Amino acid sequence: MKNTKLLFALLLSCGIFYILNNPIGKLPPLGIFLNPSTGIWQNEKNESISGEITIPGLKDLVTVHYDAQLIPHVFAQNEHDLYKAQGYLTAKHRLWQLEFQTYAAAGRLSEILGEKALDYDRSERRRGMGFGAEQSVAFMKKNDPKTLQLVQDYADGVNAYIDQLKAADYPVEYKLLDYKPEAWSPEKTALLLMYMTKMLAGRDKDLAYTNMLGLIGQENFNLLFPEYFDITDPVIPKDTDWSFIDVPQTKQPENLVVLDTTRASLPQPHPDNGSNNWAISGSKSASGRPILANDPHLGLNLPSIWFVMQLSTPQHNAFGATIPGALGVISGFNQHIAWGETNATRDVSDWYKITFNSDGTKYLYDGNWRPVTQRIEKIKIKGRTAFQDTVRYTHHGPVVFDKNFKSDKERAGYALRWIGHEGGNHQKTFIELNKAKNYEEYVAALQYWTAPSQNFVFASTAGDIALWIQGKFPNKWEGQGKFLMDGSRSENDWQSFIPQTFNAHTKNPSRGFVSSANQHPVDEQYPFYVFNDGYETYRNRVINDFFQSKDTFSIADFKNLHNNNFNLKAAELLPFMLKQMNTELLTEVEQKLYNEISTWQFNNDIDEVGPSIWDAWFDALKDLVWDEFDQKEITLTQPFDYQTIHLLKTQVEHKFMDIVATKDKKETARDLFLLSFKKAVKAIKEKEKEGYDWGKFKGTFVGHLLQALPAFSRFDIPIGGGRSIVNATSTNHGPSWRMIVEMTEPPTALGIYPGGQSGNPGSRYYDNFIDDWAAGKYHRLNFLQSDTQSEVILGTQTLIPTKNE
Amino acid sequence: MNKTILNFLATLLLAVLLSMFLPWWSVMLAALITAYVFPLENSAVFWTPFLSVGLYWSIYSFLLSSTNDYILAQKIASLFPLNGNPYLLILATGTLGGIAAGAGGVLGRQLEVVLKTKNAN
């Protein structure tokens with residue numbers, strides 16, 4: 001009896017121990033998770049911003065002042081200490097995000113999330129993310145050990161933080177997913193930069209275009225996908241003189257396009273990834289000082305992609321937005337210059353069809369068989385045995401799709417030639433930009449930048465403004481890489497690169513301003529082939545028109561432009577659509593919405609209903625126009641909005657307007673307007689209860705990096721704007737950092753982003769910028785000129801070296 | 001001193017001490033040891049450590065959370081989902097700690113019974 005009771009008690013204890021010590025279903029191990037001494041209750045706090053911390057390997061003291069925005073102002077005595085401190089502080093405030101982003105980059109999410117991430121991980125590995133990161137580290141090792149040492153210093157700083165962590169101090173996401181942080185390394189910084197490269201230079205439609213070409217033929221393809229639009233207003237002004245370029249464009253070989261159809265495609269970056277930046281010269285500025293602005297449009301996430309810091313040594317003093325994992329300020333200013341980036345997308349990823357020999361170990365190239373190299377990708381999976389994938393590499397790059405992955409062709413494969421695999425010294429560009437004092441040093445810093453290509457805007461206290469489109473660009477023949485190419489012929493390879501000094505740029509143009517908004521980099525006069533890689537056609541015109549509208553501009557004008565909600569796209573099509581509609585065919589409800597949208601003045605403000613109706617209408621319309629491309633068997637794509645609108649207005653009876661499914665009827669654009677309007681009204685009516693004003697209809701949210709885990713995200717943020725609008729805030733995407741810098745001495749700056757400095761959902765600094773950001777407000781950035789105390793400093797932390805080192 | 005109160009206080013003290021360097025199951029261990037040293041009878045074997053650790057975990061989590069305006073507790077409580085109510089999360093925390101300790105107490109008591117019988121023989 002006693003033993004039976006003991007056995008029962010033992011089983012009870014073991015059972016309860018098991019239940020509380022292990023994840024059950026989606027729940028974390030509850031005993032660990034809720035234990036007040038080590039679980040999430042320990043994360044219920046703000047961050048410490050005072051005291052002394054010992055960091056091994058520091059050469060000298062580092063002072064860190066915090067202001068009311070929890071921005072660390074770092075005063076180090078040398079660059080090694082500076083980047084060690086940056087690594088330490090970034091880990092302190094953003095550790096989970098810092099690490100998670102590199103897991104995502106490396107295709108390691110299965111380790112944390114389990115089997116559901118396996119397909120994603122395989123794609124990332126096959127895309128060559130890890131391979132590219134290794135190339136970058138190898139490049140630095142060989143060419144620039146000095147920069148690599150700084151990257152190592154950053155890693156040491158991150159690790160100094162991780163090493164002193166107790167399990168109780170782990171960020172809450174580790175506790176939720178039940179894993180531990182691992183050591184940081186220079187490879188991880190390289191992976192982070194690969195992640196950015198994928199996000200900004202990973203867009204590619206070559207395979208979809210190849211399918212399209214097979215489906216509709218060359219003539220139609222050219223109609224739907226023109227290289228230039230009639231209204232192109234390029235980044236580098238049209239009148240730029242290119243006569244200094246003495247290298248010709250690569251000659252086009254006599255070659256046939258490989259016609260092929262594929263179902264495969266890689267996960268694509270968000271189509272709206274883009275940005276605005278501009279700078280005006282002193283002559284156009286109300287104060288006589290140049291003013292520069294930047295607002296990168298990225299996914300709206302918590303923790304935010306940006307972490308704002310001041311990073312200084314006695315030799316330099318930089319301030320602005322950093323990215324956890326990368327050294328230095330990415331978009332910001334120092335005492336002499338300011339800089340910012342927008343994406344300068346170019347076609348830097350091309351696909352080659354590979355022909356393998358019978359056992360798949362060799363591939364055909366100029367009539368010979370070349371061996372492939374194999375890279376084994378071992379993917380660890382939470383709660384399961386690891387998955388092993390073998391990726392074959394050709395001289396083009398990794399064979400992403402083959403019989404093992406998303407393709408059923410026995411002896412063919414699709415290899416990716418991507419600038420991300422090229423290796424490079426990206427980190428040096430930012431380390432040098434942070435220290436640059438003038439135009440010459442800015443240009444010198446840019447030369448190291450290979451990808452993702454960016455429009456680097458520049459302004460200096462000396463009065464210069466400039467914009468360089470910097471990246472490493474293949475010198476392509478006319479049309480090269482638009483479609484899948486035959487990988488067995490050397491003439492299809494990238495033949496050479498455009499010499500860096502011939503990258504398009506402009507300095508102090510006569511119009512008094514520079515700007516970029518992801519539009520065409522140049523017009524057709526530029527002597528190298530530039531493929532239309534989905535260039536934006538609306539924001540840039542609103543911005544450039546604005547700067548041509550009057551003589552001088554102030555900070556207030558810059559703020560207004562950032563927050564400008566004018567919908568040029570709607571303004572160019574909607575009046576035409578409204579006129580074409582036969583309103584007699586509308587029901588009473590439809591008539592009401594028709595009247596509502598008729599009075600709309602094309603501003604995407606939150607309290608308007610016009611933008612909601614327009615949005616639903618245009619979406620429905622596009623699906624009707626391009627119904628012939630809605631196919632499941634092969635990957636296709638829709639033409640760009642600008643061309644769609646152009647055709648709707650000028651080719652109302654083109655056969656593409658016809659709806660394929662209605663065999664007995666031939667529709668025109670006019671019919672489509674009516675049909676899509678009726679669809680739009682239906683969609684709107686479904687949302688009528690909650691209201692369909694633009695704020696609610698759009699429902700902007702800032703989502704936590706873990707699939708927008710609702711508890712850690714912010715929803716229904718009242719902010720206007722939308723796609724193709726200067727205030728590019730769509731549902732979960734938009735201005736991720738707004739910065740305005742006036743080049744006074746020292747510069748005066750404003751900045752804000754939709755998040756907060758802390759990565760801890762338990763901190764009040766987690767999302768405290770969001771409301772002001774949505775309201776179009778800015779925070780003054782306290783650019784401290786020395787490490788002495790001042791009234792803006794709330795707390796000071798001193799990082800001290802370990803004694804006797 | 002009343003044996004129940006003695007057990008209650010000893011469990012509490014030991015749980016607090018052990019939790020400083022052991023994981024969450026320190027509360028099970030604390031209850032087990034206490035139950036062995038200060039044996040109780042009937043349902044008190046379970047409920048005394050349950051209340052002791054239940055209070056410890058509830059009060060500790062309450063203290064941590066209330067000084068931070070329940071910012072995180074509200075979020076975790078909507079994750080679970082407990083309707084975003086931080087007090088429910090505190091209650092759940094206390095209850096789980098209590099159940100773990102209660103089970104430890106029962107095991108400790110049964111060990112005491114079996115081992116003591118053996119010694120008596």
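Tutor: What follows is a connected reading of the pockets and cavities, with the chains as the setting.

The model is predicted, and every value below is computed from it. Chain A holds 21 helices and 28 strands, and its C-alpha trace spans about 85 × 80 × 70 Å along the principal axes. For a chain of 805 residues, a compact globule would have a radius of gyration near 28 Å, and the 28 Å of chain A agrees with that expectation. Buried residues account for 64% of chain A, and, among its contacts with a separation of 6 or more, 73% join residues 24 or more positions apart.

Let us begin with an open space. The second largest pocket has a volume of about 880 Å³, and its lining is made up of 31 residues, with A:Y120, A:Y195, A:K198, A:N301 and A:L705 lying nearest the centre. Several elements of chain A each contribute at least two residues to this lining, namely the helices α3 (79–106), α4 (109–113), α5 (118–126) and α9 (186–201), together with the strands β5 (291–299) and β23 (703–704). By class, the lining of the second largest pocket comprises 17 nonpolar, 10 polar and 4 charged residues.

The buried residues of α5(A) are A:L118, A:D121, A:R122, A:S123, A:E124, A:R125 and A:R126. After α5(A) comes A:G128, which has a positive phi, near 85°.

A probe the size of a water molecule, rolled over the atoms, shows where empty space is left. The count comes to 10 cavities of 30 Å³ or more. The largest cavity has a volume of about 240 Å³ and is lined by 20 residues, of which A:M196, A:L200, A:I323, A:I330 and A:Q454 lie nearest its centre. At least two lining residues come from each of α9, β5, β10 (337–343) and α11 (426–435) of chain A, and α9(A) supplies the largest share, with 4 residues. In the lining of the largest cavity, 13 residues are nonpolar, 6 are polar and 1 is charged.

The second largest cavity has a volume of about 80 Å³. Its lining consists of A:R346, A:D347, A:V348, A:F473, A:P474, A:K476, A:I498, A:Y529, A:V530 and A:F531, and these divide into 7 nonpolar and 3 charged residues, with no polar ones.

Neighbours within four places in sequence aside, A:H520 is in contact with A:E227, A:Y228, A:F229, A:T232, A:P234, A:V235, A:N532 and A:Y535. With A:E227 there is a specific pairing, in which the backbone oxygen of A:E227 lies 2.7 Å from a polar atom of the A:H520 side chain. As for A:V257, which is 263 residues away along the chain, its C-alpha atom is separated from that of A:H520 by 25 Å.

Chain B has 5 helices and 0 strands, in the order α-α-α-α-α along the sequence, and its C-alpha atoms fill a box of roughly 55 × 25 × 25 Å along the principal axes. Of the 121 residues in chain B, 50% are buried, and residues 24 or more positions apart account for 70% of its contacts with a separation of 6 or more. Within helix α2 (residues 26–37) of chain B sits B:T34, which at 3% relative accessibility counts as buried. Not counting residues up to four places away in sequence, B:T34 touches B:N7, B:A10, B:T11, B:L14 and B:P39.

Methods. Residues are numbered from 1 along each chain as its sequence is written. Chains are lettered from A and ligands numbered from 1 in the order in which they are written. Side-chain values use heavy atoms; hydrogens and water are left out. On a 1 Å grid over the protein atoms alone, a cavity is a set of points where a 1.4 Å probe fits but cannot get out, and a pocket is an open set with protein on both sides within 12 Å along at least five of seven lines; lining residues have an atom within 4 Å of a point. Grid points are joined across faces, edges and corners, and a volume is the space filled by probe spheres set on the points. Ala, Val, Leu, Ile, Met, Phe, Trp, Tyr, Cys and Pro count as nonpolar, Asp, Glu, Lys and Arg as charged, and the others, Gly among them, as polar. Contact means heavy atoms within 4.5 Å. A polar contact is a pair of N or O atoms within 3.5 Å; within protein, one must be able to donate a hydrogen and the other to accept it, and residues adjacent in sequence count only if both atoms are side-chain atoms. Buried means under 20% relative accessible area, exposed over 50%, partly exposed in between (1.4 Å probe, protein chains only). The radius of gyration is taken over C-alpha atoms; the globule rule is 2.2 Å times the number of residues to the power 0.38.
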